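Here is a request for a brisk tour of one chain, from single residues up to overall form. The sequence and model come next.

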Amino acid sequence: MNIIRKPQGTLDILPEDSIKRIFIEDEVRRIFSNYNYKEIRTPTFEKTELFKRGIGEETDIVSKEMYSFHNDEFTLKPEMTAPVIRAYIENSLYNTSGIQKLFYISNMYRHERPQAGRYREFSQFGAEAIGSSDFYIDAEMISLGINILNNFGLTNLKIKINTIGNLDERKLYLEELKKYLSKHLNNLSETSKKRLDINPLRILDTKDKKEIEILDDSPILYDYLSDETKNHFQNVCKTLEKININFEVDFRLVRGFDYYTSTTFEIISDDLGSQNAVFGGGRYDRLVEQLGGKQTPAIGFACGIERLMIILAKRNYDYPKQYGVDICFVSLGNEARDFSFKAVDVLRKSDIICETDYLNRSIKAQMKEANKLNSKYVIIIGESELSSGKCTIKRMSDGEEKEIPLETIYKINKSNLHSIV
RNA sequence: GCGGGUAUAGCUCAGUUGGCAGAGCGUCAGAUUGUGGCUCUGAAUGUCGCGGGUUCGAGCCCCGUUACUCGCCCCA
């Protein structure tokens, strides 16, 4: 019979990787809480309408990459900003404080062709600060992301920032951009030609060399922005400088979602190949009202965990080792096995990590197993031990052994473990 | 949506001109009747992805197909 395989683009996270992810998640939670961000969890699926309205119908994600079901009524979440904002509005979080600083660690789903660092089920952590248009919060958001990455030893990162203004400010620019690009129509790619009508701003994001050359002489969005937007951006830049964050301004940095306004940013690592963005975000001052809330400024970022793990792997990041076992019980004979099982049951309640034999194997095989499990101690129980009331405890690091009364076993706990032998 | 690569033991992979299905690692057992690591010895594990074709004979050649994978597009 054929075996059933996991769906394409998904991962089985086996214990070896699981412990790495738990470590990353723990570190991320710790740093988020230093910045006083609170964790939010939302449903795995949402009404499809939320993403159509939030991300934009013309984006690639919404137009062709969503996992929708039940007559398209519901969709597995492809990103977290729209769900977080939905929850913010639905639960009236604006009534509990002027600013909400939220973070998440969650799985997302996009129906794309998988490749290195891109999966159909993937995980991200990210943050959203809702309620403030202050430039300090923009700088905090970027600083927060950088600090998380620095925490994992990643320091040679390229940080790009830009401002893309709001819809009204972009209107005139987009007309000029269209005019300019229309003159170079023959040299544009098919996708760019399509975008010229649908979403001309995205053309700025092209990787096509010919198009980049054309864009070098194109009108620049920044020149069309209001003084207010420009001032905000300059303040963000100045603030980043004050806290010693190196960045580069990239006027061509635009992002894939329609909801972004004003500040946008991205962190790029050369370790990633074509999927080089590990971290990205921006301000989305209109999203809350687009989703039915009151006009509320907000900003957020997201970081791909699989991509982060690829970078860490390439840099031979030293994850903490898996916890070893404290005590392995090696037992021979039915009565001894019975005794050992009762003993581990007691010790586990005293936070001693212990194991016993489940395969009724030879003493030698049990010793090998204990060694493989990296057990600190082994306690050997057989018929003679049961009748004499004493057993052997062996320290595996140096082979030192000691005889102890059986009842001593029950007194072992975390603090006296290492003074027994 | 487009293009490339790969598919042989649990894992990593050899397999020559078409001629007995292999290695290393891992697993299990023994050397040591109740003591791990090191060493030695042995054992088990195969639909050679699947289907067809050529051939006396196919893991190898041809055609098809599926899966995986990498890249493009796009995205975190």
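Is Lys 77 buried or exposed? Lys 77 is buried, because its relative accessible area is 2%. Buried means under 20% relative accessible area, exposed means over 50%, and partly exposed is in between (1.4 Å probe, protein chains only).

This is a predicted model, in which local features need pLDDT of at least 70, side-chain atom pairs count only at pLDDT 80 or more, and totals for chains, interfaces and linings use all residues. Residues are numbered from 1 along each chain as its sequence is written, chains are lettered from A and ligands numbered from 1 in the order in which they are written, and side-chain values use heavy atoms, with hydrogens and water left out.

**Confidence**

The mean pLDDT of chain A is 88, and 97% of its residues reach 70 or more. pLDDT is the predictor's confidence in each residue, from 0 to 100. The model has an ipTM of 0.83 and a pTM of 0.89.

**Overall form**

Chain A holds 14 helices and 16 strands. These elements are DSSP runs, numbered from the N terminus: helices are H or I with at least four residues, strands are E with at least two. Chain A is more spread out than a compact globule, because its radius of gyration is 29 Å, well over the 22 Å that the globule rule gives for 421 residues. The radius is taken over C-alpha atoms, and the rule is 2.2 Å times the number of residues to the power 0.38. Along the principal axes, the C-alpha atoms fill a box of roughly 95 × 55 × 40 Å.

Of the 421 residues in chain A, 49% are buried. Contact means heavy atoms within 4.5 Å. Take the contacts between residues at least 6 apart in sequence: 70% join residues at least 24 apart.

**Cores**

In soluble globular proteins, nonpolar side chains tend to be buried together. A nonpolar core here is a set of buried Ala, Val, Leu, Ile, Met, Phe, Trp, Tyr and Cys residues joined through side-chain atoms within 4.5 Å. The largest one has 89 residues. Phe 32, Tyr 37, Phe 125 and Phe 301 have the most contacts inside it. Helix H5 (residues 135-151) gives the most to this core, with eight residues. Another core lies apart from it, with 21 residues, among them Ile 327, Ile 381, Leu 406 and Ile 412.

Phe 125 shows the packing in the largest core. Beyond four places in sequence, its contacts include Val 28, Phe 32, Tyr 104, Ile 148, Phe 301 and Leu 308.

**Lys 77 and its surroundings**

Lys 77 sits in the loop between strand E4 (74-76) and helix H4 (81-90). Among the residues it touches are Thr 42, Phe 45, Phe 51, Pro 83, Ser 106 and Tyr 109. The side chains of Lys 77 and Ser 106 make a polar contact at 3.0 Å. That term covers a pair of N or O atoms within 3.5 Å; within protein, one must be able to donate a hydrogen and the other to accept it, and residues adjacent in sequence count only if both atoms are side-chain atoms.

| Residue | Strand | Relative accessibility |
|---|---|---|
| Thr 261 | E9 (residues 261-268) | 5% |
| Thr 264 | E9 | 0% |
| Thr 392 | E15 (residues 390-395) | 16% |

Thr 261 touches residues including Ile 164, Asn 166, Arg 170, Tyr 284 and Arg 286. Its side chain reaches the backbone nitrogen of Asp 285 at 2.9 Å. Thr 264 has contacts that include Lys 160, Asn 162, Leu 253, Arg 255 and Gly 281. Thr 392 touches Val 378, Ile 379, Ile 380, Glu 401, Lys 402 and Glu 403, leaving out residues up to four places away in sequence.

**Around helix H13**

Which residues of helix H13 (residues 363-372) are buried? They are Ala 365, Gln 366, Met 367 and Ala 370. Their cover includes strand E12 (327-331), strand E14 (377-381) and E15. Just after H13, Asn 374 takes a positive phi of about 60°.
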